[in-house]
Amino acid sequence: MNALNKSKCLLLDEIHKLRAELAAVKLTTENRTSELYKRVDLFSLATRGANDGLWDWNLETDEVYYSPRWKSMLGYGENELDNNLETWASLVYPDDKSMALEKAQDYIASRSDSYEVEMRMHHKDSHKVVVLSRGFLVTRESDNKPIRLVGTHVDITERKKAEAFDNNHAEILEMIALGRPASDIYDAIALMYEGRHSGLRCSMLELHGNKLMHGGAPSLPKEYCNALHGMENGPGVGSCGTATYTGKRVLVEDIETDCKWEKIKHIALPYGLRCCWSEPIKNSHGEVLGAFGMYYNHPALPNEEESNDLKSAARLAGIVMERDQAQKRIRALAYTDELTGLASRAHFYQHLEKLIKTSDRHNHRFGLLYIDLDDFKDVNDSLGHDAGDLLLKIIAKRLESTCRAIDYVARLGGDEFCIIAEEIDADYHAANVAQRCFDAISQPVELASRKLTPTCSIGIARYPDDGEDISTLLKAADISLYAAKENGKNQYAFYKLEFTRKAEYRFQIEQCLREAIEKHQLSLVYQPQIKLKTGKIIGVEALLRWHHPLLGQVPPADFIATAEKIGMIKSLTEWVLRTACRQAVAWKNEGYPGLRMAINISPSHFLDYAIVPLINRIIDETGMAPAELELEITEIVVQKTYPQHHLVFQDLKDRGIQLTIDDFGTGFSAFASLKNLNVDFLKIDKHFVDDMLVNNKILILISSMIEMGHKLGYGIIAKGVETLEQLNILTNLGCETAQGYLFSEPVNANEITKLLSR
Ligand code: C2E
Ligand code: CA
């Protein structure tokens, strides 16, 4: 039998004895009865556990008996406290006193079945003791009047601490799960562990590179935290500096004397900090992310509980730090353009939104520059994507170094960049920035052993003049950019209302063009091509016309590019090919000699191999003679052509189709690009024809083109011939075919029939 059970048995014996005594003597006086009952109850309470304190409150006299354990629970000796209610009242926390008394009164008045209350009490050395107080009522036998409340006190401080710790722990896990800011969670962790050890102060430091950065330390002085913030870690930089450096726990019993604090103790001692234990905070891969520090204002080493807490605190902080770092990395990825390192589109939107808000508040103006590289697609297509990426990086660097620190640069995607120029005189400043961008961008670059001079177009919108919200402002910048491109690229354009009207027109074209074929709004006109030696029509060029009931006659220059953009060019070309070929066959059937039918093919369509089966199908379907079909492609096609495109040229030539390079001489390295390609005619651009009479150099150029073309085996067609003078010169230079208003404007098929019959 153990000691406790033994003492319980003894106590039970005592109770039996007393009860027997009671029955035997049949006491007469109430006092005597009460005294005996008191003893019985006290002993029966005592059986509940030797660790409980006992109390006995005489409701009539307010005398209270406190057992020695009751007193020692609060740090007092047997004779140190008076036996009255005042003693209890002075030791209980004021906030809990009335609640405890109220419960007692309710119980005495039989308003509740039992008396049980938790209350906080002051220990002699001033720390808090949480007490669970339970009691029961003793009544007088004669009139059933309550005379005493008798009960126990149990010290539940540790249990309460454990409960609070569990709750805090759960709250912290919830904060982590909800993605609350790391600094808030650090503070909560510190407070949670501080709650477990009186006088403890905790800190969390993050390690950035080799720098210690403040994470959280809600109970340490701000000045102390600031002094540590940014310090380099190392073997002699306090407990946390050393722990992050070595990756091992560092326990410093006395900051004043420990050599690890030698260099920085002057920062800690003035705040009373005397010992510091530090546990490195590590991520799941064991890499050091920071340190958890525990401080006391007296020299000490951790006891077992503190030591365990230090470890678990560092582990918990590690979860927070690792998550925080991952989130920061994700955010950085989202807000930085990976290729160029500039701000990303997402960051740009966020920045612009903030800027609009502050500008609105302070009446500020700013300019938004939308920058788009000219012909970047060609670089990608001809030199490959790696070269394209490299160019983008170079451009990003140039833009960044061109802008002042207050100007903001972002890459919005592809070859689009954006600069926000903040200035009172936004117009002047924006134009200035635009000019500097041109200067910077147009420095020659060597890419894939080719020298290139990049250019860009810039659209400028001004806040608030051209838009007061993000979408209006961006739309204005986009519209101005389009205008700059349309005006010939390599220039900037400020936003104008007229641009919007044009943009709306483009939009309408886009909307209406989709149904142009089904609604029979398209037609073809034909422009004769004349053999200069005979003056006879040897062919026609088919030119597309679109008449829309509301938009009227829409010129091809206005809708061909749109058709390319919205992916309609293939169906449009198919319609033109079919209509023109049918017409050619019809003329032949009417008895006119075989005319060459020239049809314009857009570069993007021509470079798609699908054009070959399409043309074959149309030839088979219409009965067109392949040798009388001539396809006009612009010089761009020739410049862009890769080996895989040679098959298009080859297969069309094999079928006997004629190929013409349109606008010849307008691109660069015209002849050089022809060396690998098999074509039949060069069509000299109208600009040469226009200028040859006024500019002798142009005349020489035309003359050389004709001569060189002939020598290389190409037929020459001159277009845009408007005067006899031009005709004579071209004839003298040996040009064999011409087309232009001098002979006829593009006209409908009936008009051509009339011309043919003449
Ligand atoms: P283009 O291939 O250079 O066609 C010649 C353009 O010059 C035609 O304009 C024609 O009307 C005009 N023209 C002909 N002779 C003269 C002249 O003596 N003086 C002047 N000032 N102009 C003359 P149009 O019909 O407006 O066509 C413009 C452009 O639209 C064409 O230029 C061509 O690139 C494109 N286009 C027209 N039809 C089609 C088509 O069916 N498919 C494709 N892909 N493009 C087409
Ligand atoms: Ca043409």
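Tutor: On a 1 Å grid over the protein atoms alone, a cavity is a set of points where a 1.4 Å probe fits but cannot get out, and its lining residues have an atom within 4 Å of a point. Grid points are joined across faces, edges and corners, and a volume is the space filled by probe spheres set on the points. By this reading, the second largest cavity has a volume of about 50 Å³. The model is predicted: local features need pLDDT of at least 70, side-chain atom pairs count only at pLDDT 80 or more, and totals for chains, interfaces and linings use all residues. Residues are numbered from 1 along each chain as its sequence is written, chains are lettered from A and ligands numbered from 1 in the order in which they are written, and side-chain values use heavy atoms, with hydrogens and water left out.

Student: How many cavities of 30 Å³ or more does the structure hold, and what volume has the largest cavity?

Tutor: There are four cavities of that kind, and the largest has a volume of about 160 Å³. Its lining comprises 15 residues, with Trp55, Trp57, Leu85, Trp88 and Tyr115 nearest the centre. For its composition, Ala, Val, Leu, Ile, Met, Phe, Trp, Tyr, Cys and Pro count as nonpolar, Asp, Glu, Lys and Arg as charged, and the others, Gly among them, as polar. The lining of the largest cavity then divides into 13 nonpolar, two polar and no charged residues.

Student: Which residues coordinate the calcium ion (ligand 2)?

Tutor: Donors are N, O and S atoms within 2.8 Å of the metal (3.2 Å for Na, K and Ca); water is not among the atoms, so sites may look incomplete. Here Glu541 (OE), Asn600 (OD1), Glu632 (OE) and Asp662 (OD) coordinate the ion at 2.1 to 2.3 Å. Asn600 in strand β22 (residues 596-600) and Glu632 in strand β23 (residues 629-634) are 32 residues apart.

Student: Is Glu632 buried or exposed?

Tutor: Buried means under 20% relative accessible area, exposed over 50%, and partly exposed in between (1.4 Å probe, protein chains only). Glu632 is buried at 1%, whereas Asn600 is partly exposed at 30%.

Conventions
Helices (H or I, at least four residues) and strands (E, at least two) are DSSP runs, numbered from the N terminus. On a 1 Å grid over the protein atoms alone, a cavity is a set of points where a 1.4 Å probe fits but cannot get out, and a pocket is an open set with protein on both sides within 12 Å along at least five of seven lines; lining residues have an atom within 4 Å of a point.
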